[in-house]
Amino acid sequence: MADEPLSAGAVARRLGVAVTTLRTWHQRYGLGPSQHVPGHHRRYTPADLTRLEIMRKLTAEGVAPAEAARWAKQSPTASPGAEARLRAGRDGGGQTIPVGRAGPAARGLARAAMRLDSAAISDTIGRALAANGVIATWDGLLRPVLAGIGERHAATAGLIEVEHLMSRCVSEAFATVGRAGTPIGPARILLSCADEEQHTLPLEALAAALTEAGVAYRMLGARVPVAALIEAVNRTGPAAVAIWSHTRATADPGQLSALLGVPRRPLLVLAAGPGWRADTLPAGVVRPVDLAEAVSLALAVRDSLDQSPGS
């Protein structure tokens, strides 16, 4: 399978570049697909892919494209300078984002993030959402890359610009899901970050997944004080409330207890995120293990209301 010729789209995903970038490298530097079957689009062979990987590595390190292309057309060891640069790219030193056992798409996305290539980032995320949906894209593509950026930042105190650009691209992609179709019916789910919690991307993922499942919701966003959250619950009477906490510092169980004590108590309160500790949650609060479970619980609440008399 690894030796099979690849389409331009497959190569772009693997390298973490836009298809238009491949076309440019083909037209300007002759790094195009070499396999040609009459009546079909040209395909990239393993040798083509190797050359493109060298091209991508060197340009990401600041080598001029024309010079990188000359080295890419040779063996990786043909030039001592090229070999040293390629080694530097492999050995880390802050130049790579670890993605664990995630697949080629995640590795390509990580490389695009390191190059601050917003077009390639958005293209990769958009393709994944269209092909696999929100939950699979979040779990298999976005979470590994975002976690890798966080891991590298913790080790080096760098990549802040990478995290900001990546976050913006992810937010825009999820917003596109929301614009694609508005669920019919009342907004019975309220989404909110815990007080002082600023990490909103997981909550945006939940919002996009709910939209995809046809569930209407309200989103309050980051850093919602307890008093504001309770006011929103009293005014809108949601059937379910999900509160996201990314860190222990924002996971005050008192927020959940206050929510359970409101006159219009929700049927379901979700303590979402790694900040919450299961042994500190008030009785009646559910801690979903992942995005899929959170969506499933929200669907169950909606369906129970739809089937109840007078709903």
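User: I'm looking at Arg-143 and Asp-139. What do their side chains meet in?

Analyst: Start with the general idea: side chains of opposite charge can pair when their charged atoms come close. In this predicted model, the side chains of Arg-143 and Asp-139 form a salt bridge, at 3.6 Å from N to O.

User: Okay, and how far apart are Arg-143 and Asp-139 along helix H7?

Analyst: They sit four residues apart in helix H7, so about one helical turn separates them.

User: Is Arg-143 buried, partly exposed or exposed? And what about Asp-139?

Analyst: To read this, check the relative accessible area: under 20% is buried, over 50% is exposed, and in between is partly exposed. Arg-143 has 43%, so it's partly exposed. Asp-139 has 30%, so it's partly exposed too.

User: Got it. Which residue does Asp-48 meet in a salt bridge?

Analyst: That's Arg-51, with an N to O distance of 2.5 Å. Asp-48 and Arg-51 are both in helix H3, which covers residues 46-60, and they're three residues apart, about one turn of the helix.

User: Is Asp-48 buried or exposed?

Analyst: Asp-48 has a relative accessible area of 3%, so it's buried.

User: How many salt bridges does a search of the whole structure find?

Analyst: Eight. Another pair to look up is Asp-303 and Arg-302, whose side chains meet in a salt bridge at 3.1 Å, N to O. Asp-303 has 31% relative accessibility, so Asp-303 is partly exposed.

User: Let's switch to pockets. How much space lies in the largest pocket?

Analyst: The general idea first: rolling a probe the size of a water molecule over the atoms shows where empty space is left. Here, the largest pocket holds about 920 Å³ of space. It's lined by 34 residues, and the closest to its centre are Trp-138, His-199, Pro-202, Trp-244 and His-246.

User: Which elements give two or more residues to the lining of the largest pocket?

Analyst: Look for helix H7 (118-156), helix H8 (160-180), helix H9 (201-212) and helix H12 (291-307). H7 gives the largest share of that lining, eight residues.

Key
Residues are numbered from 1 along each chain as its sequence is written. This is a predicted model: local features need pLDDT of at least 70, side-chain atom pairs count only at pLDDT 80 or more; totals for chains, interfaces and linings use all residues. Side-chain values use heavy atoms; hydrogens and water are left out. On a 1 Å grid over the protein atoms alone, a cavity is a set of points where a 1.4 Å probe fits but cannot get out, and a pocket is an open set with protein on both sides within 12 Å along at least five of seven lines; lining residues have an atom within 4 Å of a point. Grid points are joined across faces, edges and corners, and a volume is the space filled by probe spheres set on the points. A salt bridge is a side-chain nitrogen of Lys or Arg within 4 Å of a carboxyl oxygen of Asp or Glu. Buried means under 20% relative accessible area, exposed over 50%, partly exposed in between (1.4 Å probe, protein chains only).
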